[in-house]
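Trainee: Could we go through this structure together, one question at a time?

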Amino acid sequence: MLSTTPGGPETLELLDLADPVAGPGQLLIAVKACAINYPDVLIIEDKYQFKPQRPFAPGAEVSGIVAAVGEGVEGWAIGDRVVATTGHGGMVEKVAVDAVKCYRLPEGRDFVEASALLLTYATTIHALLDRGHLKAGETLLVLGAAGGVGLAAVELGKAFGARVVAAVSSEEKAEAVRKAGADEVVIYGRAPFDKDQSKALAEQFKAAVGPDGANVIYDPVGGDYAEPALRSIAWEGRYLVVGFPAGIPKLALNLTLLKSCDVCGVFWGAWAARDPKANRARIAQLFDLWEQGRIAPVVSEVFPFARGGDAIAKMGSRGAIGKLVVKISE
């Protein structure tokens with residue numbers, strides 16, 4: 001499923017390419033499923049920070065079977081089950097991936113669910129523990145809590161002993177976050193907000209997190225939601241900047257002084273590349289939590305390969321609950 005020209009999902013084309021080969025240090029993966037994430041919406045429109053050379057396939061995380069092992073790769077064999085991050089290029093039948101970005105998929109785990117694990121949960125565990133230093137007993141406010149990273153934050157927050165306040169845009173999404181374990185739910189309106197609406201939302205957040213404020217705020221939304229959330233932060237709280245589907249906000253820095261709080265950027269991919277050993281330890285931690293049943297990716301819809309563009313369109317509408325997955329093959 002290739003992007004041959006910049007544009008929306010309607011510009012994607014299902015085309016034939018020669019099979020890739022596993023280069024040195026790589027695995028060739030016969031793809032079973034490819035999960036969709038918000039960067040897939042941006043990358044085909046040339047609005048993402050990385051602009052691959054065309055033609056390219058969107059899709060940043062896949063699950064499948066090892067079809068070939070490149071020179072110098074140890075510990076892998078043809079037929080092994082695998083999940084991997086690709087950056088882009090995942091919505092294909094076969095993809096060559098650096099072995100350092102591949103993780104062994106346990107037997108009995110479904111390929112569709114597995115494809116939806118890495119990006120959202122790895123981003124979130126890095127955000128909460130390495131950037132937000134979340135501790136048991138603290139209060140965590142999650143914006144966009146019914147999306148892929150949002151639900152991951154709700155589940156991981158509960159797994160690490162936090163009180164979780166989940167903020168969503170509808171009652172349907174509220175039901176999803178309650179099911180994921182949220183202790184308190186805020187239903188907010190759709191931006192843009194005027195000054196009075198922004199103040200009212202800040203009061204909603206403050207009432208939900210309690211008089212001491214939110215120790216950690218997880219924000220994968222941005223836009224007009226950011227400042228009202230920041231106004232609810234605790235003394236020495238940590239505000240985690242994860243993404244901007246609602247737009248890039250401009251924060252009033254006087255608020256950071258008044259609360260002596262930190263605003264922390266979260267760029268999991270760059271951190272994983274800089275410290276692969278620490279990242280692999282976090283991924284192992286995720287697999288343990290998955291095995292224990294304390295986290296479980298929510299896949300709300302599965303699309304056939306030929307409708308991969310529809311999956312990206314739905315992600316772009318911000319109407320998805322949890323993750324959307326494109327099933328490439330049986």
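Trainee: How many residue pairs are in polar contact between domain 1 and domain 2?

Mentor: This is a predicted model, in which local features need pLDDT of at least 70 and side-chain atom pairs count only at pLDDT 80 or more, while totals for chains, interfaces and linings use all residues. Residues are numbered from 1 along each chain as its sequence is written, and side-chain values use heavy atoms, leaving out hydrogens and water. A polar contact is a pair of N or O atoms within 3.5 Å, where within protein one must be able to donate a hydrogen and the other to accept it, and residues adjacent in sequence count only if both atoms are side-chain atoms. Between domain 1 and domain 2, with both residues at pLDDT 80 or more, the count of such residue pairs is three.

Trainee: Which residues make up the two domains, and how far apart are their C-alpha centres?

Mentor: The bounds come from an automatic or database domain assignment, which gives 2-105 + 298-327 for domain 1 and 119-269 for domain 2. The C-alpha centres of these two domains are separated by 29 Å.

Trainee: Is V168 buried or exposed?

Mentor: V168 belongs to strand β9, residues 163-168, a strand being a DSSP run (E, at least two residues) numbered from the N terminus. Buried means under 20% relative accessible area, exposed over 50% and partly exposed in between, using a 1.4 Å probe and protein chains only. Because its relative accessible area is 1%, V168 is buried.

Definitions and conventions. Helix = DSSP H or I, 4+ residues; strand = E, 2+ residues; numbered from the N terminus.
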